[in-house]
Amino acid sequence: MKQIKSLSDKRLIIECTVNSKPAYFLIDTGASVALIAEDKVLKGRRFPGTIVGAGGEMNDVYYCNTFANFEGKDISQFLIADISGVRSSIKRETGLEILGIISLPQMKFVGIQIDANDNLIILE
């Protein structure tokens, strides 16, 4: 197991690579779908449903074939959406601009656990 300290003491944020470039992602254990910023990746076909979250409903959502690599583990299955409000909020709070949000199902799939008390991300 490997332990990695979050890049922020206020939120769980990790650095991944996307298309060989560094990018920050928020780890959100309450999220059931993973999202990536619409202005940063190529859109796939339109997602047929509506995404509902703390920021309200999102209808203009697309599938994404982009992977985020974290410590040698490929994280996939992102949906592309306008998450500019969340990105702005996280930047104000932490000083870091995130590219996307990693959800609980993705965490389980690639073997990411968290220790919220110590802001640690644990890789199996």
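This is a predicted model: local features need pLDDT of at least 70, side-chain atom pairs count only at pLDDT 80 or more; totals for chains, interfaces and linings use all residues.

Modeller: Residues are numbered from 1 along each chain as its sequence is written, and side-chain values use heavy atoms, with hydrogens and water left out.

Colleague: How many helices and strands does the protein chain have?

Modeller: Helices (H or I, at least four residues) and strands (E, at least two) are DSSP runs, numbered from the N terminus. The protein chain has 2 helices and 13 strands.

Colleague: What radius of gyration would a compact globule with 124 residues have, and what is the value for the protein chain?

Modeller: The radius of gyration is taken over C-alpha atoms, and the globule rule is 2.2 Å times the number of residues to the power 0.38. For 124 residues the rule gives a value near 14 Å, and the protein chain agrees with its 14 Å. Along the principal axes, the C-alpha atoms fill a box of roughly 40 × 30 × 25 Å. Contact means heavy atoms within 4.5 Å; of the contacts with a separation of 6 or more, 61% join residues 24 or more positions apart.

Colleague: What percentage of the residues in the protein chain is buried?

Modeller: A residue is buried under 20% relative accessible area, exposed over 50%, and partly exposed in between (1.4 Å probe, protein chains only). Buried residues make up 41% of the 124 residues.

Colleague: Which residues of the largest nonpolar core touch the most other members?

Modeller: In soluble globular proteins, nonpolar side chains tend to be buried together. A nonpolar core is a set of buried Ala, Val, Leu, Ile, Met, Phe, Trp, Tyr and Cys residues joined through side-chain atoms within 4.5 Å. The largest one here has 33 residues, and Phe25, Phe70, Phe78, Ile102 and Ile112 touch the most other members. Among the elements that each supply at least two residues of this core are strand 3 (21–28), strand 10 (78–81), strand 11 (98–103) and helix 2 (104–110). A second, separate core of 7 residues includes Leu26, Ile90, Leu96 and Ile98.

Colleague: Which residues lie on the two faces of strand 10, and which strands pair with strand 10?

Modeller: Phe78 and Ile80 on one side of strand 10, and Leu79 and Ala81 on the other, are all buried, so that both faces are covered. Two strands pair if DSSP finds at least two bridges between them. Strand 4 pairs with strand 10 in the parallel sense over 4 bridges, and alanine 34 has phenylalanine 78 as its bridge partner. Strand 7 (residues 62–63) pairs with strand 10 in the antiparallel sense over 2 bridges, with tyrosine 62 opposite isoleucine 80.

Colleague: What is the strand order in the open sheet of 3 strands, and which strands stand at the edges?

Modeller: The order is 1-13-12, with antiparallel pairing. Strand 1 (2–5) and strand 12 (112–115) stand at the edges; each has a single partner strand, so one side of each is left without a neighbour in the sheet. Strand 1 and strand 13 pair over 4 bridges, and isoleucine 4 has isoleucine 121 as its bridge partner.

Colleague: Where are serine 20 and asparagine 119 found, and is each buried or exposed?

Modeller: Most residues other than glycine have a negative phi, and most peptide bonds are trans. Serine 20 has a positive phi of about 65 degrees, and asparagine 119 has a positive phi near 55 degrees. Serine 20 is found in the loop between strand 2 and strand 3 and counts as exposed at 74% relative accessibility. Asparagine 119 is in the loop between strand 12 and strand 13, but counts as buried at 14% relative accessibility. Leaving out residues up to four places away in sequence, asparagine 119 touches Ile4, Lys5, Ser6, Ser8, Asp9, Lys10 and Leu12.
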